[in-house]
Amino acid sequence: MTVSLAILGTFFVIAIALGLLAKRGHTMTLEQWSVGGRGFGSLFVFLLMAGEIYTTFTFLGGSGWAYGKGAPALYILCYLTLAYTISYFLLPAIWRYARGRGLVSQADFFIAKYESPAMGLVVSVVGVAALVPYLVLQLKGLGIIVSEASYGAISPVTAMWSGTAALIVYVVVSGVRGSAWTATLKDIMILVIVVVMGVYLPYHLHGGYGAMFTAIDAAKPGFLTLPATGMSQSWFISTVLLTSVGVYTWPQFFAGVYTAKGENVFRKNAVVLPLYQLVVLFVFFTGFAATLAVPGLIGAEADLSLFRLAKMTFSPWAVGMIGAAGLLTALVPGSMLLITAATILAKNIFRVAVPQSSDRTVGIVARSMVPVLALASLYLALHGGQAIVALLLMGYNVVTQLFPALVLSFGDRPRISTAAALSGIIAGEFTVAAVSLSGASLATLAPWLPQIAKDLNIGVVALLVNIAVIALVSVFVRRPSR
Amino acid sequence: MPGDTPVGEPSRWRRYHLLALLPVLGMLGGLPFANRVYPLVLGLPFLMAWLVGWVVATAGIMAWILRQDTANGLASDEAKGKGAECGAGEGSGDSK
């Protein structure tokens, strides 16, 4: 136990040190802080983009879903792959447009495209609203990792508090540059650990993959395929489509696009990343190995399965290393999320409210928003009981509503009027909010629908409402002629 | 999106880009057929192996598209010299 705690502590210090070192030689203007002065080469952009793969979401959530739900967890593999094929065409176009216009945030892009500050405000609010569940998820993950890896010596609540404090210091000091450096360390560690666990555990516990899956299929028939109802094929397809188009509507990925020096890195990434993310498979293997080895974790507790199995199998120093890797998977993406949300609040909301404020003031506001956001998310993390994957899917439902307006903005000018784009986004978000707050699903709203329609991801319905409203408003409000 | 080209700029769209739709069709369209445990493939349940196979195929397809694009001069870092196009109007680079 003391060994694992010491390892956790050491890596935490290393992460902070890397963050401080990364800052050297760069004056932290807002552009440096949030998009690294647009000077990141291929490797850094690659690592920042690959960041989505190795977050606490896949590490704990991916194994937790494989453990608790089985085959539906495979959606993660599919949506990332399809997102990369989309990125091949989408990201160079976004990058080209952003270059030379000094765009820093996602909202900047929409403001420039639609020539509408109102659009910027709406996109900003949507972005922050979607980022919060994502941040909550990272903090929850941090709590689980630290408390599990310390063998319960640190309670999840204390762990979440100290993790949040760490994140704040880290982000305020070094901004996105800290993320890139630590991302390098994180990716190497997590790669090694995930592969070792995903290979060792199935062989150690069952004698091989074939034997493990045969045993699981015998003990839990239907666990390794998509069920006929609920998380059925129709759920799977709609969720994969929704989340894969949603990936690049996340404000932090938009900002990630801006960090690149050139546009070709995105095309190369689209080739390499599908293979790189196959490592997620080993996370699934760990989760599947846990289904029979550490049964009985129900609901959100499934997120603990990876650590429970690790503690059962490995010595404390190995658990400490796994915990340290997990710590980094929470710190790096968590810092990206915080930077993005803080930049939006400062540049696209504060600056709009106080137009005469100087760049320096906006920079200070951005940094002071970091603790505010982190503490608000911490509050939600301490008071909500949802599993990690559920939180991310919620964020996706919110943020994907920007997709129609994004796609329709390409061309020499947007294909729809600002009014239509705005109405669509707002209608979509209202649908998401109404459904999330009432806890309804298509099965409860419309029991007369055929099963295949009932299982559709509710975010798809919101997206359809969004598109319908865009079409309707476009009949009345044409795009301005030029 | 296809066919969406500002005046004066050659289209960035090529017919072979449609190949990028194959992974969607294979991965998701193939589900009714692939949603089974047996036969195991390399020890993996059939569904998992099917999806993994498509992930690998996707990388191959995208690599092929990138090669074609590079050969056609559609994939390059136009902006190596920074500021080449600062403040350019709406016309630049909006087609996908």
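Two residues are taken to be in contact if their C-beta atoms, placed from the backbone, lie within 7 Å. The model is a predicted one.

**Chain B as a whole**

- Chain B has three helices and zero strands, and its elements run α-α-α from the N terminus on.
- Chain B consists of 96 residues, of which 29% count as buried.
- Among the contacts in chain B between residues at least 6 apart in sequence, 58% join residues at least 24 apart.

**The largest nonpolar core**

- The largest nonpolar core has 186 residues.
- The residues with the most contacts inside this core are A:Leu74, A:Leu338, A:Ala342, A:Ala421 and B:Leu51.
- Helix 15 of chain A gives the most to this core, contributing 19 residues.
- When residues up to four places away in sequence are not counted, B:Leu51 touches A:Leu74, A:Leu77 and A:Cys78 in chain A, together with B:Met27 in chain B.
- As a general matter, nonpolar side chains in soluble globular proteins tend to be buried together.

**Helix 7 and helix 19 of chain A**

- The axes of helix 7 (residues 117-149) of chain A and helix 19 (residues 418-438) of chain A come within 10 Å and cross at roughly 20°.
- Angles under 35 degrees count as roughly parallel, and these two helices of chain A are therefore roughly parallel to each other.
- Helix 7 of chain A passes helix 19 of chain A in a left-handed crossing.
- On the side of helix 7 of chain A, the residues that meet helix 19 of chain A are A:Ala118, A:Met119, A:Val122 and A:Val126.
- Their counterparts in helix 19 of chain A are A:Thr418, A:Ala421, A:Leu422, A:Ile425, A:Ile426 and A:Glu429.
- This contact of helix 7 with helix 19 of chain A has eight nonpolar, one polar and one charged residues.

**Helix 13 and helix 14 of chain A**

- The axes of helix 13 (residues 280-293) of chain A and helix 14 (residues 305-313) of chain A come within 9 Å and cross at roughly 70°.
- Angles of 65 to 115 degrees count as roughly perpendicular, and helix 13 and helix 14 of chain A are therefore roughly perpendicular to each other.
- The crossing of helix 13 and helix 14 of chain A is left-handed.
- In this contact, A:Thr286, A:Gly287, A:Ala289, A:Ala290 and A:Ala293 of helix 13 meet A:Ser305, A:Leu306, A:Arg308, A:Leu309 and A:Met312 of helix 14.
- The contact of helix 13 with helix 14 of chain A has six nonpolar, three polar and one charged residues.

**A:Ala353 in helix 15 of chain A**

- A:Ala353 lies in helix 15 (residues 316-353) of chain A.
- A:Ala353 counts as exposed, because it has 8 C-beta neighbours inside 10 Å.
- From C-alpha to C-alpha, A:Ala353 and A:Phe476 are 31 Å apart in space, and they are 123 residues apart in sequence.

Note on methods
Residues numbered from 1 in each chain as written. Chains lettered and ligands numbered in written order. Predicted model: local features only at pLDDT ≥ 70, side-chain atom pairs only at ≥ 80, totals over all residues. Axes fitted to C-alpha atoms, helices over the stretch in contact; angles between N-to-C directions. Helix = DSSP H or I, 4+ residues; strand = E, 2+ residues; numbered from the N terminus. Parallel < 35°, antiparallel > 145°, perpendicular 65-115°, else oblique. Left-handed = near helix turned anticlockwise from the far one by under 90°. Nonpolar A, V, L, I, M, F, W, Y, C, P; charged D, E, K, R; others polar. Buried ≥ 20, exposed ≤ 12 C-beta atoms within 10 Å, placed from the backbone. Core = buried A, V, L, I, M, F, W, Y, C linked by C-beta atoms within 7 Å.
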